[in-house]
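Work through the exercises below with the sequence and the 3D view side by side. Try each task before reading its solution.

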Amino acid sequence: MQTKKTALILAAIIFLLDIGTAGTLLAATVTLNVPNDFSTIQAALDNAESLASANTGTTYSVLVEPGTYPGGIVLRSGISIAGRETARTIISGGGTGTAVIANGLTGLVTFSNFTILTATTGIQVTGNSTLKIMNNVFTVGLSGTAVQIQGSPNVSVTNNTFYQNGTAVTRDSNSILIINNIFSQNTANISQSSSLSQSGIDFNCFNPPPSATEPIGTNSIPNALVANPDPLFVDPTSATKDFHLQQGSPCIDAGTNINGPDSFNGSISDMGAYGGPGSDTIPFPVSIQSASAASASSIALTWTPNNSYLVTNTVTPGEYNIYYSLNASGAPYQTKSSIASTVTSTIISGLTSTTMAPTAPVLSPPSPANESLLLSWSSASGATGYNVHYGIASTSENTIDAGNVTSFVLTGLTNGQPYKVAVSAVAQSTYFIAVTAVDNTGQASTPGVDHESIYSQEASVPLGPVLESGLSNEVSDFPEAIAPYPDLPNKGCFIATAAYGFYSAPQVQVLREFRDRYLMTSRFGRSFVRWYYRYGPTGAAFLDAHPWLKPSVRAALMPAVLGALFLTRTSLLIQLTVLLSAGLLCGCLRYRKRLVHSGGMR
Amino acid sequence: MILSVFSTTAFAEEVTVRPHWSLELKGGAFIPDVDNWSAFYGRRYTSEYGGSVAYKITRKVEVGMEGMYLMDKGQGFAPIHQTITGSVKYESVPLNVFVLARWLSSEKQFLVPYIGGGWTRLFYREDVQNQGVVRGSTNGYHGRAGLQFLLDGIDPDASRSMYFDYGVFHTYIFVEAEYVHALANTITSGSVNLGGTSWLGGLLFEF
């Protein structure tokens, strides 16, 4: 598959080059997608590098869709790589190793919009690499180093968020830029030789404030104007790790436009992973907390807020979009309504629901199975579900909600007992609802693409009355044990099977159950079963050869069958009562016999 | 003592210039002898695969063991209703002990016909959904015949690599027909042959 796609890409490039018949090379940009074009990030990077070396003049990059990807990724010269959404595009080191390796990179390479989790080293940069590390979140763990730069003076670390790392950044050159980042709750923020100065370090936020010996820069937070450096992340501790900034964060518009203004509103760059021109513009998704029918024509809906200052903003609020469809699940939804992001609940009103009962389905003759009947019926127009009605004397004895299916296995029945069965169709309207968050930039939004989050999980809400059709035609049948084909004997109960004629005879089943529950649970019983398995087939073959013996054998087996029936089909209380009564009877008889022998009783 | 070990080794190399063992990996279609198979299992045949290991008594005669596996899913039978219904999984493992004769006159013979047969122990298992499992075994016999095509000449380099890396003298691709006869009593009436005819193909490695 990869070869095919590579060939297609090559063909496209050759075609583009052919267009330039006047000898003019057309500059082109090709983006390889993970996982759409290549299943792994490394495969995409390696193929991009191969293509780039074969097609000078064309720029290749890699775009990674949201997901969790394993670490150990080796960056390639001239190939930039970006995640689609910072929060949901994760590279995990799995607790050990180096998540991303950059060694000897040449050309312009940008690594952006990823969340790096649990690694000994997040990004290791060596070999005089040229690299821009921007708009990433690093939380590698308190024993790890997020970014380690050695022998590579042409590296910039801008607009990243470092949260709960052992060491956020180590550098060995004053020309390495560390700007517009947020350092929060790291053991050490910036580690460098004492011979280096604070040059290249500025406009960062340090929470808590760094020690006096740590380099900070003159425009970083805290400073004379901003004493509290808490960046006010939305939700850094939960599994979802939302490092967007809340309203009131000191890091908003507090950076410098080293790369350019904020991508979403053009203002001065925010600090952290969600600031600057490379910040992803897709808000964090919300989740529906509850959705239920408020009346016959309205649904009450609540969801978790998106507390980013671009959405839940009291001055310039963003929006929540409510999407819903009647009796149709998933996008695209039939209806969309918007609500200001100052609320996280609403009533969707004016909804319609089904007013006509569905037609009755037609029930086909059932198929028998062991202690069950296999039912199937025709689909009823307008039905959203079906009820199965059954009983011995009447179909009204039991009702089961079968769901929205046209076949059903009616279980828990007694073999040989006829049952009457009918089916009815039910109809109830169901609304399928999802919510998105929209930022306050006023720009055109599309769910999951620009300025609008992906859909929340979908909620389904039944609405209006449950309307039921009349009963289908009534059928009657009885379940029975199924014989496999060919109907071969089991290795047990040879003689009984031969005597009673077929494997699924109830007497044989009782003996088999007795074997499994009593004989196989004791050493003596297992020895007997082994002996029986050895010699039973011989007896069964003899019986098959002399069928006139079968009635006698059946009679001889009767006590064993009754005993097995008693032990397997009665409760312990009944068994104890019968045994006690039998014991008393034996005692009485023995006592009477003794009296008779001694002449005391006539 | 060292000299005696070397001489033993040298002798061993001298007498092992021909392969002594063969390994077959094969698969194909199995057509059961049971009547009405397609009515219960939807088609007249099912897939089968397995392998065998044999010791070559001479270059032309070998004895060995073969194990096959076949499985099919279909329906069962409701005896009182006299209808086909339910869900049944049928599995069978014939184990064959065989003697095989090969018409081989040269190590480089491209086409080698063979014929063989022997004793069969056939194990069966029938799983009726929501009901239980029936299992057992029966004895029988089998015969098979086929053609082996020597692959060594197609790619001599690969052939040499197979020998030096894995000790494989020759590699054949083969096709064969096999018939298994293994009667088992049925519960309701008489007996049935659980065997049938197999059309198989596979690879044979001699080492």
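**Exercise 1. The cores**

How many residues has the largest nonpolar core, and which have the most contacts inside it?

Solution. This is a predicted model, in which local features need pLDDT of at least 70, side-chain atom pairs count only at pLDDT 80 or more, and totals for chains, interfaces and linings use all residues. Residues are numbered from 1 along each chain as its sequence is written, while chains are lettered from A and ligands numbered from 1 in the order in which they are written.

Start with the terms. A residue is buried if 20 or more other C-beta atoms lie within 10 Å of its own, exposed if 12 or fewer, and partly exposed in between, with C-beta atoms placed from the backbone. A nonpolar core is a set of buried Ala, Val, Leu, Ile, Met, Phe, Trp, Tyr and Cys residues joined through C-beta atoms within 7 Å.

Now the count. The largest core has 98 residues. Val62(A), Leu75(A), Val147(A) and Ile433(A) have the most contacts inside it. Strand S34 of chain A, residues 419–438, gives the largest share, seven residues. (Helices, H or I of at least four residues, and strands, E of at least two, are DSSP runs numbered from the N terminus.) A second, separate core has 31 residues, including Tyr386(A) and Phe77(B).

**Exercise 2. One serine**

Is Ser424(A) buried or exposed?

Solution. Next, count: Ser424(A) has 25 C-beta neighbours inside 10 Å, so it is buried. Then look at its contacts (C-beta atoms, placed from the backbone, within 7 Å). Beyond four places in sequence, Ser424(A) touches, among others, Ala360(A), Tyr386(A) and Glu468(A). Finally, Val388(A) is 36 residues away from Ser424(A) in sequence, but 6.6 Å away in space, C-alpha to C-alpha.

**Exercise 3. Where the chains meet**

Which strand of chain B gives the most residues to the side that touches chain A?

Solution. The contact takes 27 residues from chain B and 22 residues from chain A. S4(B) gives the most to the chain B side, with five residues. Chain B itself has three helices and 10 strands. Of its 207 residues, 30% count as buried.

Conventions. Contact = placed C-beta atoms within 7 Å.
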